[in-house]
Amino acid sequence: MSAIDLTRGDLIRALGALVSARPAVDAAVRARAEAIAARVDEAGVAARVVRRGHADYAVEANGPGLFARELGSLDAPAEPVIGPAADRWAR
């Protein structure tokens, strides 16, 4: 690893912290998370937006059998549409 690699990484971290602290960036990220949560709700799965920090939001989805529907379980195979739908929500 060279000095430039360390400098580049430090610069990226410093700029990321500055950008994420901007109210407009935080609002845009929050709006995107809320839009994803709304689409998840429309699909019949309970979802909520959780703030974890500046411009850092997560969408928590839960519902009966959700894990089993995505990955399969002893009772039922996975539904092939859940994974691709979740991928589309993330974009």
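Student: In which helix does aspartate 26 lie?

Tutor: Aspartate 26 lies in helix α2. Keep in mind that this is a predicted model.

Student: What is the mean pLDDT of the protein chain, and which elements have the lowest and highest values?

Tutor: The chain mean is 78, and 67% of residues reach 70 or more. Among the elements, helix α2 (residues 23-42) has the highest mean, 91. Helix α3 (residues 66-71) has the lowest, 58. Where pLDDT is low, the predicted coordinates should not be read in detail.

Student: Back to aspartate 26. Is aspartate 26 buried or exposed?

Tutor: Buried means under 20% relative accessible area. Aspartate 26 has 12%, so it counts as buried.

Student: Which residues is aspartate 26 in contact with, leaving aside neighbours within four places in sequence?

Tutor: Ser20, Arg51, Gly53, His54, Ala55 and Tyr57.

Student: Which side chain meets that of aspartate 26 in a salt bridge?

Tutor: For a salt bridge, look for a Lys or Arg nitrogen within 4 Å of a carboxyl oxygen. Here the partner is arginine 30, at 4.0 Å, N to O. Both residues sit in helix α2, 4 residues apart, about one turn of the helix. Arginine 30 is partly exposed, because its relative accessibility is 33%. Its C-alpha atom is 8.1 Å from that of valine 49, 19 residues away along the chain.

Student: Which residues are linked in a network of salt bridges?

Tutor: Asp26, Arg30, Glu34 and Arg51. The count of salt bridges comes to 6.

Student: How far apart are the closest N and O atoms of aspartate 10 and arginine 13?

Tutor: They are 2.6 Å apart, in a salt bridge. The two residues are 3 apart in helix α1, so about one helical turn separates them. Aspartate 10 is partly exposed at 44%. Arginine 13 is exposed at 55%.

Student: And which residue forms a salt bridge with arginine 52?

Tutor: Aspartate 56, with the closest N and O atoms 3.0 Å apart. Arginine 52 is exposed at 58% relative accessible area, while aspartate 56 is partly exposed at 29%.

Student: Now the nonpolar side chains. Which residues make up the largest nonpolar core?

Tutor: A core is a set of buried nonpolar residues joined through side-chain atoms. Here the set is Ile36, Ala37, Val40, Val45 and Ala47. Helix α2 gives the most to this core, with 3 residues.

Technical notes
Residues numbered from 1 in each chain as written. Predicted model: local features only at pLDDT ≥ 70, side-chain atom pairs only at ≥ 80, totals over all residues. Heavy atoms only, no water. pLDDT = per-residue confidence, 0-100. Buried < 20%, exposed > 50% of the residue type's maximum accessible area, 1.4 Å probe, protein only. Contact = heavy atoms within 4.5 Å. Core = buried A, V, L, I, M, F, W, Y, C linked by side-chain atoms within 4.5 Å.
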